[in-house]
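This briefing is meant to be read with the sequence and the structure at hand. Please keep both in view while going through the points.

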Amino acid sequence: MLQKKMKYIIVAALLLALPLVFIGNSYFLLLLCTGMIYVIAVSGLDLLFGYSGQISLGHAGFFAIGAYTSAILSIKLGIPVVFSMLFAAGLATMFAVLIALPAARLVHHFLALITISFGEIVYLFVAHADPLTNGFSGIGFIPSPSLGFLVFDTNMKYYYFLLVIVAVLLLFKNRIIRSRTGRAIIAVRENIYASDGIGINVKNYKILSFALSAFYTGLAGALYAHLIGFISPESFTLNQSIIFLTMLLLGGMGNFYGPIIGALVLTLGTEYLQVLGNYQMLVYGSLLLLIVVFIPSGLINVVNLRDLKKILHKRTTVKENDANA
Amino acid sequence: MLKIQDVVIKFGGLCAVNEVSMDVEPHSITALIGPNGAGKTTLFNIISGVLSPLSGDILFAGKSIKGYRPYMINKAGIARTYQNINLFSNITVVENVMIGQHCRRNSNLFQTLFRTTSQVREEREIREKAMEILDFLGLAEFSDFPAKSLSYGNQRKLEIARALASTPQVLLLDEPAAGMNTTEKGELMDLIRQIQATGVTILIVEHDMKLVMSLAEQVHVMNYGRKIAQGQPYEVQNNKDVIEAYLGTE
């Protein structure tokens, strides 16, 4: 128990100290912040696809709703950013419920199609509703969030702001998964027929996982808008939905660490592959292909922490037995 | 306890269940037998709400449960197992039984997010009860294994464990002995008697005649969607129609 606490303290200390190493390298901090936002968005997708077994190819839609709603509310109505972000995530959640009502009846390819359409509709809306979203010119000068006298206006400050939010959201995700609610969501993924027979209202839990998922991804969208300070429709295309899905598959889904690894590796990886110039996408694509072929269950399973623990545990117990004998 | 009244269901032109009626007495073990394709599993699917009958009614404890969705029927107090095993196969054995308690527990999302004392207590109770049930069925040693890693016989037992977790008044067992060897069948019989002793009413579909005849107090026989006989085991065994249905006529 004490050992476990020590581990958490060390991880927390490392994360808190990390930006100090990169003082003056504001660009790297921006990259790190983007990665953390993706961790939130992909964790949201994981709740839907990884845990309840429903695919979404339209999560860029929730990301966009979060980003635009928070930007517009804070600029046009002057609502404090922290509240506009929460409101934006709430609106994304409401849209998720609206799609999930019909979508809860669909599976696999049909669900993929309806979510793609949703993403495209949102994209077309933000691209053409000029009076509200400023169309392709985008929205600029999006204010930074603040809490009292604390204004998160530099990448370093934003990093700490995000660190708290990521920690809370991941904690919540973990709590949901290990609860009656989470088990019902997993049951729906495992066997719809048996879930129904054992007292689980499958439709409601499908809708709930859509809603939870959209809250995470919508909030990520809002955090993105206020980090970059500028949004335009290009950031919210189908391509973005596919990036979320790629991150999830790369890291490993239905897993606490999977989305974290997937989002961070892909964000930083894409960046550092830029030195390859024209060959960037070629190398990127080949790497993805290799990973999908050789580690289909995601990077997290290269070093499966639980297995590793078991192996270590076995060794120590064997040693103890030897000592006793 | 459970009253099936003139139930009819058709698939296309085929009348899979044709005006079948039966009474299941409280705390009894009642068996439903018949050749393959007689409509036994279809009748189970109607009782558990998977299929909706064309006409007729199903009364549970005096109330009609016709048109209820399966999850509502489970909540009302009827649990079932499946002929083709339907477990949550990638998660652990104990989690399967924890999920079985779903409709008898009530902690919500808000309590979960903030780990309220009542939620923490309920979680502990859910796990303890699941372990108790696994112990009862002799599966406790496998509690942390994925359900799919169990042997076929143990997977069938786990289906019963999951069904029991929802504290049913009526338990529907669909061919629980399929694929079991003689020793396992003997254990299963003891187990079913023990479940009955806790006050659960049992309705069982089974092909193994030895098991049916030694367990059941009342036997109903179906053939081609119709009920052709009912009675105590020895009565049914000597019934002309039943012998004909199983062996054919000369």
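The structure is a predicted model. Its largest nonpolar core holds 96 residues, and another core, of 45 residues, lies apart from it.

**Nonpolar cores**

- Within the largest nonpolar core, of 96 residues, A:Phe63, A:Tyr158, A:Leu223 and A:Ile231 touch the most other members.
- Helix α2 of chain A, residues 26-52, supplies the largest share of this core, with 16 residues.
- Neighbours within four places in sequence aside, A:Tyr158 is in contact with A:Cys33, A:Met85, A:Pro145, A:Phe152, A:Leu223, A:His226 and A:Leu227.
- The separate core of 45 residues has B:Leu87, B:Ile126, B:Leu188 and B:Ile192 among its members.

**Helix packing in chain A**

- The crossing of α1(A) past α7(A) is right-handed.
- On the α1(A) side the contact involves A:Leu15, A:Leu16, A:Leu18, A:Pro19 and A:Leu20, and on the α7(A) side A:Met156, A:Tyr159, A:Tyr160 and A:Leu163.
- Sorted by class, this contact of α1(A) with α7(A) comprises nine nonpolar residues, with no polar and no charged ones.

**Helix packing in chain B**

- As α5(B) passes α6(B), the crossing is right-handed.
- From α5(B), the residues making the contact are B:Lys129, B:Ile133, B:Leu134, B:Phe136 and B:Leu137; from α6(B), they are B:Lys157, B:Leu158, B:Ile160, B:Ala161, B:Leu164 and B:Ala165.
- The class count for the contact of α5(B) with α6(B) is nine nonpolar, no polar and two charged residues.

**A buried arginine in chain A**

- A:Arg183 is located in helix α8 of chain A, residues 180-190.
- A:Arg183 counts as buried because its relative accessibility is 8%, and the cut-off for buried is under 20%.
- With neighbours within four places in sequence left aside, the contacts of A:Arg183 are A:Ile177, A:Arg178, B:Glu95, B:Met98, B:Ile99, B:Glu123 and B:Ile126.

**Positive phi angles in chain B**

- Most residues other than glycine have a negative phi.
- B:Ala61, a residue other than glycine, has a positive phi near 50 degrees.
- B:Ala61 belongs to the loop between β4 (55-60) and β5 (63-64) of chain B, and its relative accessible area of 53% makes it exposed.
- B:Arg115 is not a glycine either, yet has a positive phi of about 45 degrees.
- The loop between α4 (109-113) and α5 (117-137) of chain B contains B:Arg115, which counts as partly exposed at 36% relative accessibility.

**A loop lysine in chain B**

- B:Lys148 sits in the loop between α5 and α6 of chain B.
- Residues up to four places away in sequence not counted, B:Lys148 touches B:Ser89, B:Asn90 and B:Gln155.
- Between B:Lys148 and B:Glu206 the separation is 58 residues in sequence and 23 Å in space, C-alpha to C-alpha.

Key. Residues numbered from 1 in each chain as written. Chains lettered and ligands numbered in written order. Predicted model: local features only at pLDDT ≥ 70, side-chain atom pairs only at ≥ 80, totals over all residues. Heavy atoms only, no water. Core = buried A, V, L, I, M, F, W, Y, C linked by side-chain atoms within 4.5 Å. Buried < 20%, exposed > 50% of the residue type's maximum accessible area, 1.4 Å probe, protein only. Helix = DSSP H or I, 4+ residues; strand = E, 2+ residues; numbered from the N terminus. Contact = heavy atoms within 4.5 Å. Left-handed = near helix turned anticlockwise from the far one by under 90°. Nonpolar A, V, L, I, M, F, W, Y, C, P; charged D, E, K, R; others polar.
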